[in-house]
Amino acid sequence: MSGSEGQSKSKREIFLEEMKRVAEEASKKTPEELKFNYKGILYPTLLCSEATFQALEPFEAREDDVLIVTYPKCGTNWSIQILHEMLFGLHNKEPTLDQAMIEFGKPEKFEYVKQQSSPRVFSSHLSYNNIPKLFLEKAKILLILRNPKDAAVSYYHFTNNTPVLPTYSSWDLFFKDFITGNIIYGSYFDHALGWEKHMDDRNVLVLTFEDMKMDLAAELRKISDFCSLSLTDEQIEKVQNKSTFKSMKEKSSDTHGKLGNTLFRKGEIGDWKSLFTVEQSKEVDAKFDVTLAGTKLGEKIDYRKYCTF
């Protein structure tokens, strides 16, 4: 691509073209070729690489950076939309950074990222132990949790409709990998538990997908205060109107192309009941009991409220 071509295309157009290219490459690979193991956790081959992980480790975060952390299908793109509306949309400014995960892409991207002006919004599915130390020490970290049963069902539909991820011929097969952690980005429970000791860190704000669904305005106020934005009630309302699931789904084909319907499928609480058997539900209950029950993070998820038949 020539320089003039690159300048004439918007970030959105470039993003959609790249997604199309990656999808075409993925169609030529087997499910096993679409994942690789790095430090004991599986990652998508066409989105991540060992070289990028190594280049990420020394990356210098800033105190006004915001890093959104989620396990897959726990509100990632929703949170990105909210932060972008708060930091850029209200001031009619173009975001200075693409929305891709910090672990996605090629190593050389970090040279570009270093040149971006503040504020910068990042996102990641990485577990606590794999997030660069300087992010943990400096950046503002917005951790979004979701109950494991809804996360699992959403993840199942997502992986089966996203070309770069391995597909599953049945829900039962996916569930076996989910409950054992033999899945892209590893165990939901390990990912969550890694944050238990850091919920009260000064630079960490923990919210839940469910609370955001039940009272978005209240959670937006928490984010605004956490990021020292001091948004007015009118500004909060504007962000809310542009950040509802309905609003994002309606414009998803423009923002994310064919991937839009996959990223914004239902966004509901309780959809897990459409696929879970009673035995599978009990299996997750037991897993929760031995990992997260009795922890502050487990209490935050409010498991019994959202995960009972």
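Which residues line the second largest cavity? In this predicted model, where local features need pLDDT of at least 70 and side-chain atom pairs count only at pLDDT 80 or more, totals for chains, interfaces and linings use all residues. Residues are numbered from 1 along each chain as its sequence is written, and side-chain values use heavy atoms, with hydrogens and water left out.

The answer is Lys 35, Tyr 155, Thr 159, Pro 166, Tyr 168, Ile 183 and Ile 184. A cavity here is a set of points, on a 1 Å grid over the protein atoms alone, where a 1.4 Å probe fits but cannot get out, and lining residues have an atom within 4 Å of a point. The space in this second largest cavity is about 50 Å³, a volume being the space filled by probe spheres set on the points, with grid points joined across faces, edges and corners. Sorted by class, its lining has 5 nonpolar, 1 polar and 1 charged residues. Nonpolar covers Ala, Val, Leu, Ile, Met, Phe, Trp, Tyr, Cys and Pro, charged covers Asp, Glu, Lys and Arg, and the others, Gly among them, go down as polar.

Counting cavities of 30 Å³ or more gives 3. The lining of the largest cavity splits into 7 nonpolar, 2 polar and 1 charged.

Buried means under 20% relative accessible area, exposed means over 50%, and partly exposed is in between (1.4 Å probe, protein chains only). Cys 307 is buried too, also with 1% relative accessibility. As for disulfides (pairs of cysteine sulfur atoms within 2.5 Å), a search of the whole structure turns up 0.

Next comes Asn 147, in the loop between S5 and helix H7 (148-161). Asn 147 counts as buried because its relative accessibility is 0%. Its side chain makes a 2.9 Å polar contact with the side chain of Glu 210 and reaches the backbone nitrogen of Lys 149 at 3.1 Å. A polar contact is a pair of N or O atoms within 3.5 Å; within protein, one must be able to donate a hydrogen and the other to accept it, and residues adjacent in sequence count only if both atoms are side-chain atoms. Leaving out residues up to four places away in sequence, Asn 147 touches Tyr 188, Glu 210, Trp 272, Ile 301, Tyr 306 and Cys 307, with contact meaning heavy atoms within 4.5 Å.

Some backbone details sit in loops. Ser 118 and Pro 119 are joined by a cis peptide bond, with omega about 0°, and Pro 119 lies between helix H5 (109-114) and strand S4 (121-124). Lys 39, not a glycine, has a positive phi of about 55°; this residue is in the loop between strand S1 (35-38) and strand S2 (41-44) and counts as exposed at 57% relative accessibility. Ser 228 has a positive phi of about 55° without being a glycine. Ser 228 is found between helix H11 (216-226) and helix H12 (233-243), and with 60% relative accessibility it counts as exposed.

How values were computed:
On a 1 Å grid over the protein atoms alone, a cavity is a set of points where a 1.4 Å probe fits but cannot get out, and a pocket is an open set with protein on both sides within 12 Å along at least five of seven lines; lining residues have an atom within 4 Å of a point. Helices (H or I, at least four residues) and strands (E, at least two) are DSSP runs, numbered from the N terminus.
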